[in-house]
Amino acid sequence: MVELLSSVGRVLDTSITSVKRTSFIVKRLKKHVGSSNLHKLIENPSLLDPVKMDVVLLSADIAESTKFSSFQQEPYHVFSLINSYLCMMAEIVMNDYGGTLDKYIGDEVMAIFGAPLAEHDYIERAAQCALKIKQEVEQFNKNATIQGKETLDVKITLGIAKQVIAGEVGDSKTQTDYTVIGDDVNRFFRMAKFAKPGKIVINRSLREALAKTYKTVFYKEVRFMGIKAPQRIYFLET
């Protein structure tokens with residue numbers, strides 16, 4: 001009887017530990033990934049460990065939002081509009097195309113494709129996601145115009161970042177984020193400064209990866225700090 005009770009106790013302890021671990025993972029990650037990816041990460045939490053890999057980064061940023069906000073009479077109205085936009089972006093990224101929501105930087109959405117789940121079609125999904133965002137913003141603006149409301153100009157940047165370190169940063173007791181760091185991440189942010197409202201700007205690496213399935217148009221040559229040669233960037237077309 002003692003052995004039986006001891007065995008039951010061990011099973012209960014294991015079950016409780018498993019439930020606590022699952023709850024902890026869900027709490028950490030549900031703001032970053034959609035439900036399908038969340039289940040995969042619960043089953044394989046080691047995927048969250050830092051690892052070097054290639055990813056696609058996406059930025060969707062409201063153009064001239066500071067100027068836009070300054071002309072509004074009701075700050076709550078501005079807050080509500082931007083919050084609706086961010087929620088729409090998160091839904092598209094996480095649930096429609098299986099991306100990872102990295103962070104919000106004001107009214108900018110940063111997302112990752114290819115990490116922590118390095119699925120084979122992550123480049124394709126990233127491109128489809130960017131095009132979907134562009135389409136949804138265009139539809140949002142059409143509806144807003146009909147209703148006599150404000151429209152949004154959104155700048156979208158998309159690019160392959162090679163050999164970055166992807167993983168969780170922060171303190172699990174306060175706040176953690178799943179993000180990426182590396183030279184190509186810095187170059188991505190520099191490229192994002194050249195983004196244009198209503199356009200999807202991509203780097204050369206992504207253009208080459210998508211050449212057989214998507215139309216791209218040369219945009220301009222730009223210079224990045226620390227790189228002598230000018231870098232060619234492109235528009236991804238629908």
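A crossing of two helices is left-handed if the near helix is turned anticlockwise from the far one by less than a right angle, and right-handed if clockwise. I looked up the crossing of α4 and α5 with this rule and found it right-handed.

**Basis of the entries.** I note that this is a predicted model, in which local features need pLDDT of at least 70 and side-chain atom pairs count only at pLDDT 80 or more, while totals for chains, interfaces and linings use all residues. Residues are numbered from 1 along each chain as its sequence is written, and side-chain values use heavy atoms, with hydrogens and water left out.

**The chain as a whole.** I found 7 helices and 8 strands in the protein chain; helices (H or I, at least four residues) and strands (E, at least two) are DSSP runs, numbered from the N terminus. The chain has 238 residues, of which 42% count as buried. Buried means under 20% relative accessible area, exposed over 50%, and partly exposed in between (1.4 Å probe, protein chains only).

**Helices α4 and α5.** Two packed helices are described by the angle between their axes and the distance between the axes. For α4 (residues 75–96) and α5 (residues 122–146), I noted an angle of about 145° and axes 10 Å apart. The axes are lines fitted to C-alpha atoms, for helices over the stretch in contact, and angles run from 0 to 180 degrees between N-to-C directions. Contact means heavy atoms within 4.5 Å. On the α4 side I listed Leu81, Tyr85, Met88, Met89, Ile92 and Val93, which meet Cys129, Lys132, Ile133, Glu136, Val137 and Phe140 in α5. By class, this contact has 10 nonpolar, no polar and 2 charged residues. Here Ala, Val, Leu, Ile, Met, Phe, Trp, Tyr, Cys and Pro count as nonpolar, Asp, Glu, Lys and Arg as charged, and the others, Gly among them, as polar.

**Salt bridges.** I counted a salt bridge where a side-chain nitrogen of Lys or Arg lies within 4 Å of a carboxyl oxygen of Asp or Glu. The structure holds 9 of these salt bridges. In one of them, Lys103 pairs with Asp102, with the closest N and O atoms 2.9 Å apart. Asp102 is buried because its relative accessible area is 4%, whereas Lys103, at 28%, counts as partly exposed. I then looked up Arg125, which is buried at 12% relative accessibility. Arg125 meets Glu119 in a salt bridge of 3.5 Å, N to O, and Asp121 in another of 3.1 Å. Salt bridges that share partners join Lys40, Glu119, Asp121 and Arg125 into one network.

**Backbone entries.** Most residues other than glycine have a negative phi, and most peptide bonds are trans. I found a cis peptide bond between Ala115 and Pro116, with omega about 0°. Pro116 lies in the loop between β3 (108–113) and α5. I also noted Gln163, whose phi is positive, near 50°. Gln163 lies in strand β4 (residues 154–171) and is partly exposed because its relative accessible area is 47%.

**Ser205.** I located Ser205 in helix α7 (residues 204–210). Not counting residues up to four places away in sequence, Ser205 touches Ile160 and Lys162.
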